[in-house]
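Please view the sequence and the structure before reading on.

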Amino acid sequence: MKVMRIGITGATGFIGGHLALLAQGSGHEVIAYSRRAGSFVPISQETLYQPKKEPHALPETRLDALVHLSGESLMGLWTHEKRDRIWKSRVDFTEALVAHLGTWQVENRPKMLVCASGAGFYGNSHDKPVDESSPRGGGFLADVCAGWEKAALRAEALGMRVVLLRTGMVLGRDGGAFPLLKRVFGFGLGGRLGSGTQWMSWIHVEDAVQIILKAIETETVRGPVNLCAPDEVTNAEFTQQLAAALKRPALFHAPAFALRLLLRGMADEMLLGGQRVIPRVATEMGYGFVHPTLSSAFKALI
């Protein structure tokens, strides 16, 4: 196995932290980028300062791969200002990052860029299964993901291999939505959202980071990679299985009209709509899921 120097923005975050641990444990060198001057990330060989005023201007060092995971949280009311922050932190930031990488010496410039995206690229797919060859859907999130991916793909002009992570809900004990869901359902306050028929793409964090690392190590992989498990579930099925795993009832129901009233556009795109996503590329890579079913994921998490 070739030992690589892998740079990670957000190496102390939920997914970035798990990826850094896996990469280091697999024998690779991890270069962490931090916005705190003088800090050191213990799981890295080196921690470089990512300037707050120009966070895209990463300090130059020799890298084989750069994993870019940062972006404004999607949670919260989608006001005009919130939408603007989401767009700038993903699309505009990535454009500036790729342009900055173009200023690096060729011998230092990473040979590949792994950039976060989202399953929201497919819009609301209703009951239709979608894989990496499916067209983009409609809506704000689809627009953001398409713009984000287009910005990342500009790195191909620099001779870089680009992988786009179309990520679903990542389940883990120490981050993402699961800790909150566990508390809510643990108090017996959980329930389906709207009709509950909308599909949910999900993946255990252990599988997510292993797929990312396998994509880095597999030179033939490029373009979109769906980060989701092969077990497709609806919101109602997700709710029932989580309640059963916690041995709690799931009697509450959040009506669609109430969610739309409270959360406006976010409700339709993130809670009431969904994607029935198939992880075709991960399967073609020969990846064997550690947690292929939702029940096995919940068993490991609880």
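## Overall build

Of the 302 residues in the protein chain, 51% count as buried. The model is a predicted one. The chain holds ten helices and 13 strands.

The C-alpha trace spans about 60 × 40 × 40 Å along its principal axes. A compact globule of 302 residues would have a radius of gyration near 19 Å, and the protein chain agrees with this, because its own value is 19 Å.

## Contacts along the sequence

Contacts between residues at least 6 apart in sequence can be sorted by how far apart the partners lie. In the protein chain, 76% of these contacts join residues at least 24 apart.

## Two packed helices

Two packed helices are described by the angle between their axes and by the distance between those axes. Helix α4 covers residues 178-186 and helix α6 covers residues 235-246; the two pack at an angle of about 70 degrees, and their axes are 10 Å apart. This angle makes α4 roughly perpendicular to α6, since angles from 65 to 115 degrees count as roughly perpendicular. The crossing of α4 and α6 is right-handed.

## The contact between α4 and α6

Which residues of α4 and α6 make the contact? On the α4 side they are F178, L181, K182, F185 and G186. On the α6 side they are F238, T239, L242, A243 and L246.

Sorted by class, the contact of α4 with α6 has seven nonpolar residues, two polar residues and one charged residue.

How values were computed
Residues numbered from 1 in each chain as written. Predicted model: local features only at pLDDT ≥ 70, side-chain atom pairs only at ≥ 80, totals over all residues. Heavy atoms only, no water. Axes fitted to C-alpha atoms, helices over the stretch in contact; angles between N-to-C directions. Helix = DSSP H or I, 4+ residues; strand = E, 2+ residues; numbered from the N terminus. Parallel < 35°, antiparallel > 145°, perpendicular 65-115°, else oblique. Left-handed = near helix turned anticlockwise from the far one by under 90°. Contact = heavy atoms within 4.5 Å. Nonpolar A, V, L, I, M, F, W, Y, C, P; charged D, E, K, R; others polar. Rg over C-alpha atoms; globule rule 2.2 N^0.38 Å. Buried < 20%, exposed > 50% of the residue type's maximum accessible area, 1.4 Å probe, protein only.
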